[in-house]
Amino acid sequence: MRPSLQRYRNILDFALSSLLRRKGRNLALISVYTLVVFVIASLVFFVQALKREAHELLAQAPDMVVQRMVAGRHDPVPLAQVEAIRSIRGVDEVQARLWGYYYDPVFGGNLTVLATEDAALAPDAIWIGQGVARSMRVKEGDLIPLRGYDGQSTLFSIQKVLPESSELVSSDLVLMAPKDVRALFHFPEGLATDLAIQAGNPRELPTIAAKIVELFPDSRPILKSEILRTYEAVFDWRGGLMVVVLGSAVLSFIIFAWDKATGLSAEERKEIGVLKSLGWESSDVLLLKFWEGTVISVTAFLTGVLLAYAHVFFFSASLFEHALKGWSVLFPRFRLIPALDGYQLTVLFFLTVLPYTAATLVPSWRAATVDPDAAMRS
Amino acid sequence: MIELSQVVKTYQAGLATPFTAVDRVTLSIPAARLTVFKGPSGSGKTTLLTLIGCMARPTSGRIHLHGLAGDALPHLAPAEALEITSLPERFLTAIRRRTFGFIFQQFNLVRGISVLENVLLPTYPTGEDPRAVEARAVARLESLGLARHLRSSVDRLSGGEAQRVAIARALINDPAVIIADEPTAHLDSRLSEEFMDLMSQFKDAGKTLLITSHDPIVYDSDLADMVVEMRDGRVVSET
């Protein structure tokens, strides 16, 4: 090995041996450091994965949803509007959707009841989401009573429990035939909850929306991009809320790390003097301190990031789920698709590793540039 | 030969309380000989050795090394005189590493690491082949009777053993000059005699030995070729 490379290796070896000498102190530092990286990385991964999940789900969502407003409130849409909207140039498809919320007093949660025309759905049968099955403790083939608008219960047989992969959106879902939805909610014929619109060219959506409002001034078109923006804002807001809550912990770590990193003990100062008297240059001492700082911060960073990855993608961020997923009774239980954002990882790296490494170098530089005769006098 | 000319070292120069530790010392120290610096505490012995050993710069005066810098500075012929007080820090470090071996009063071993690692410390920045330097260190420690302590932590050594580790460390880069500061201060008479026996071997091997001491075992020894007595930073006698 070339002498210059060997020098780096020797000093790295000595840095590792130095870290082991102060095991207790360094392990405490790495633990707290790892915890902070873990918490921040978990938030970043979780919010990122939820956003990606939302993007993927909304990819299949209609380009636009049209609601009707009466006195500023959402009201059923007359089916007569379907044909009028379909005739607007650029509209590919208009689907009248029938859905609503069902409050179950037994377990105190809201279910989303949606009408489906799927031919596979048997008469008087329903399909339910995993969250519903979990909460009601039911399985395929069981019968469940749903209480209608008039207080009368209707029995439905569970034909299918929806797959886990779709749980983020289907956790609280109950799919049933349109006639059953109308009967359950006493929903009048000729009306739908809203209209789902697909357009050939997404760039034409604002124009189509304007035409719909022109035709039906009491309608409210909602574009997919607006829904996406709202989701992002909600996830960012929740993530930000957690950061604020954890802010004090992060601040404590910064003070702790700053204190540990910037203060050289008398023993460390003496050691630097000894090393210099033995023929180490200031640059050798700085390299030693650089390696020490880098090993601590990179170890903490990698451990924190790996733990956060496992926490978010294998354990569904169980530590934060109540704060981040929402306040529903029916928490979706699902595994997020791993989504790593290189930019955010890089920002996290620069925010955690660089400041610590730099903080360790400043006092070492000050100690390393003084004459080594102090060692002779100690 | 080491030649000092009107060397002055003043601490806190320019401040309200300057202190002159070495005051206009002019001296010629022969090579391959043992020179003892004696005098009471605060007489400037240790400061003078730190100036000779390139650990600090004098406030004024000149120090020349004649034929002792060896291969510390590649562009220099071994026999050439080298004025060290005006050299940049990098060169001073190279000379400190190659030309001088230091044995400190408190030994200054790095705690928490093994005997072998302590001895290898001066070789780390050189980038030498680690197997070669380790073999050299092991041989040196064996010759000093420390073979069974190679992997032991230095924290477990007795005073005499710790000093021998410090000696092995001082010799690992095969320096021309060995500087020992009060080496027998923490040793009993038997260990002090053993130390002087070792110095005798090094002298026979052609090393230049500079020792500060106020221990008669050292300055009254037959090994001492020159005894320099200092007081208040000045040389009061040379014998």
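Modeller: Let us start with one residue of chain B: leaving out residues up to four places away in sequence, B:L34 touches B:M196, B:M199, B:K203, B:L209, B:I211, B:L223, B:A224, B:D225 and B:M226. Please keep in mind that this is a predicted model.

Biologist: What makes these residues count as touching B:L34?

Modeller: A contact requires heavy atoms within 4.5 Å, and the residues that touch B:L34 include B:M196 and B:L223. B:L34 is also among the residues with the most contacts inside the largest nonpolar core, together with A:F14, A:W280, B:I103, B:L121 and B:F195.

Biologist: Why is A:F14 called buried?

Modeller: The word is used for a relative accessible area under 20%, and A:F14 has 2%, so A:F14 is buried. A:F14 is found in helix 1 (residues 3-21) of chain A, and, sequence neighbours up to four places away aside, A:F14 touches residues of chain A, including A:W280 and A:L288, and residues of chain B, including B:V110, B:L121 and B:Y124.

Biologist: How far apart are A:F14 and A:W291 in sequence and in space?

Modeller: A:F14 and A:W291 are 277 residues apart in sequence, and their C-alpha atoms are 9.3 Å apart in space.

Biologist: Is B:S221 buried or exposed, and how do you know that?

Modeller: The relative accessible area of B:S221 is 18%, and the limit is 20%, so B:S221 is buried. B:S221 sits in the loop between helix 7 (216-219) and strand 9 (226-231) of chain B, where, apart from neighbours within four places in sequence, B:S221 is in contact with B:M196 and B:P216.

Biologist: Why is A:R137 called exposed?

Modeller: Exposed stands for a relative accessible area over 50%, and the value for A:R137 is 75%, so A:R137 is exposed. A:R137 lies in the loop between helix 4 (130-136) and strand 8 of chain A, and its phi is near 55 degrees, a positive value in a residue other than glycine. For B:D232, the relative accessible area is 63%, so B:D232 is exposed. B:D232 lies in the loop between strand 9 and strand 10 (234-238) of chain B, and B:D232 has a positive phi of about 50 degrees although it is not a glycine.

Biologist: How do you know that the radius of gyration of chain B agrees with that of a compact globule?

Modeller: A compact globule with 239 residues would have a radius of gyration near 18 Å, and chain B has 18 Å, so the two agree. Buried residues make up 56% of the 239 residues in chain B. Of the contacts in chain B with a separation of 6 or more, 68% are between residues 24 or more positions apart. The secondary structure of chain B comes to 7 helices and 10 strands.

Biologist: What makes strand 2 and strand 5 of chain B edge strands?

Modeller: They belong to an open sheet of 4 strands with the order 2-1-4-5 and antiparallel pairing. Strand 2 (19-29) and strand 5 (81-83) of chain B each have a single partner strand, so one side of each is left without a neighbour in the sheet. Neighbouring strands of this sheet are turned by 20 degrees against each other on average, direction ignored.

Biologist: How do you know that strand 1 and strand 2 of chain B pair?

Modeller: Pairing needs at least two bridges, and strand 1 (residues 2-11) of chain B is joined to strand 2 of chain B by 7 bridges, so the two strands pair, and they run antiparallel. B:Y11, for instance, stands opposite B:F19 in strand 2 of chain B.

How values were computed: Residues are numbered from 1 along each chain as its sequence is written. Chains are lettered from A and ligands numbered from 1 in the order in which they are written. This is a predicted model: local features need pLDDT of at least 70, side-chain atom pairs count only at pLDDT 80 or more; totals for chains, interfaces and linings use all residues. Side-chain values use heavy atoms; hydrogens and water are left out. The radius of gyration is taken over C-alpha atoms; the globule rule is 2.2 Å times the number of residues to the power 0.38. Buried means under 20% relative accessible area, exposed over 50%, partly exposed in between (1.4 Å probe, protein chains only). A nonpolar core is a set of buried Ala, Val, Leu, Ile, Met, Phe, Trp, Tyr and Cys residues joined through side-chain atoms within 4.5 Å. Axes are lines fitted to C-alpha atoms, for helices over the stretch in contact, and angles run from 0 to 180 degrees between N-to-C directions.
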